[in-house]
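Reader: I am new to this and would like a close look at one part of a protein. Please show it to me before we start.

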Amino acid sequence: MCFTGQRMRIVTESTAGMGGIIRSHDGRWVMGFCGLSMSREILKVELQAILEGLRICWELNLQDVRCMTDSSLAMHYVVRGVPQFHRYAVLVKEIQNILAREWNVNIGHILREGNQCANYLAKMGVESSSSLCRIPEPPNGIIPLLQANAVGTVFPHL
């Protein structure tokens, strides 16, 4: 399974959206999620998206997961940890505790251009009134992005 997480733009002074997509090894949709975060700290929202995506993967009993994020700093914190009194220490530790369970999870970096589906879901999160919505079927608007991703469309880096 491949899970990609993403944070999104700030809507107000206190909220941001998050989202992610869980796909099979051949790119088929398994589950999506989005939600409204009460934080406006982008890195925190990125870490929240990773945590929620991993929780969903665990609940779906997925045993071999590749978690991709376009935040190299979030990836670094998850893999290397943070000092005990770091502002995100509790959140990072919660992610690391999930990673330590009996399953195989690899954390990797993906370019933002390759993370368009998660970006789409994060935009849905901005418009959501819920902290977490599970999306069992792909929304109509994401289908062209899934198709472009399946054929390896390259998005220009602007």
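How many helices and how many strands does the protein chain have? Then please look closely at strand β3, the one that holds W29.

Author: The protein chain has five helices and six strands. These are DSSP runs (helices are H or I with at least four residues, strands are E with at least two), numbered from the N terminus.

Some ground rules come next. This is a predicted model, in which local features need pLDDT of at least 70, side-chain atom pairs count only at pLDDT 80 or more, and totals for chains, interfaces and linings use all residues. Residues are numbered from 1 along each chain as its sequence is written, and side-chain values use heavy atoms, with hydrogens and water left out.

How confident is the predictor? The pLDDT (its confidence in each residue, from 0 to 100) averages 84 over the protein chain. Of the residues, 84% score at least 70. Helix α3, residues 89–99, has the highest confidence, at 97. Strand β1, residues 2–10, has the lowest, with a mean of 52. Residues 154–158 have a pLDDT below 50. That stretch has five contacts in the model beyond near neighbours in sequence.

Now to β3. The strand covers residues 29–37. Eight of its nine residues are buried (under 20% relative accessible area; exposed is over 50%, partly exposed is in between, with a 1.4 Å probe and protein chains only). In the protein chain as a whole, 48% of the 158 residues count as buried.

β3 pairs with two strands, β2 and β6. Pairing here asks for at least two bridges found by DSSP. Strand β2, residues 16–23, runs antiparallel to β3, and eight bridges join them. The two form a hairpin, with five residues between them. G27 sits in that turn and has a positive phi of about 90°. Strand β6, residues 133–135, also runs antiparallel to β3, with three bridges.

W29 is worth a stop. W29 is in β3 and is buried, with a relative accessible area of 16%. What does W29 touch? Leaving aside neighbours within four places in sequence, its contacts include I21, I22, L121 and P138. I142 and L146 are also among them. A contact means heavy atoms within 4.5 Å. P136 is 107 residues from W29 in sequence, yet their C-alpha atoms are 8.4 Å apart.

The side chain of W29 reaches the backbone oxygen of P136 at 3.0 Å. A polar atom of that side chain lies 3.4 Å from the backbone oxygen of I135.

What follows β3? E41 lies in the loop between β3 and α1. The side chains of E41 and R87 meet in a salt bridge, at 3.3 Å from N to O. A salt bridge is a side-chain nitrogen of Lys or Arg within 4 Å of a carboxyl oxygen of Asp or Glu. R87 is in the loop between α2 and α3, 46 residues from E41. R87 is exposed at 63%, while E41 is partly exposed at 30%. The structure holds five salt bridges.

Next comes helix α1, residues 42–59. Here R55 and E52 meet in a salt bridge of 3.0 Å, N to O. They are three residues apart in the helix, so about one helical turn separates them. E52 is buried at 16%, and R55 is partly exposed at 27%. R55 also forms a salt bridge with E94, with the closest N and O atoms 2.2 Å apart. E94 lies in helix α3 and R55 in helix α1, so this pair ties together parts 39 residues apart in sequence. Together, E52, R55 and E94 are linked in a network of salt bridges.

One last stop is N61, in the loop between α1 and β4. N61 is exposed, at 56% relative accessibility. Its phi is near 60°, a positive value in a residue other than glycine. Most residues other than glycine have a negative phi.

Definitions and conventions. A polar contact is a pair of N or O atoms within 3.5 Å; within protein, one must be able to donate a hydrogen and the other to accept it, and residues adjacent in sequence count only if both atoms are side-chain atoms. pLDDT is the predictor's confidence in each residue, from 0 to 100.
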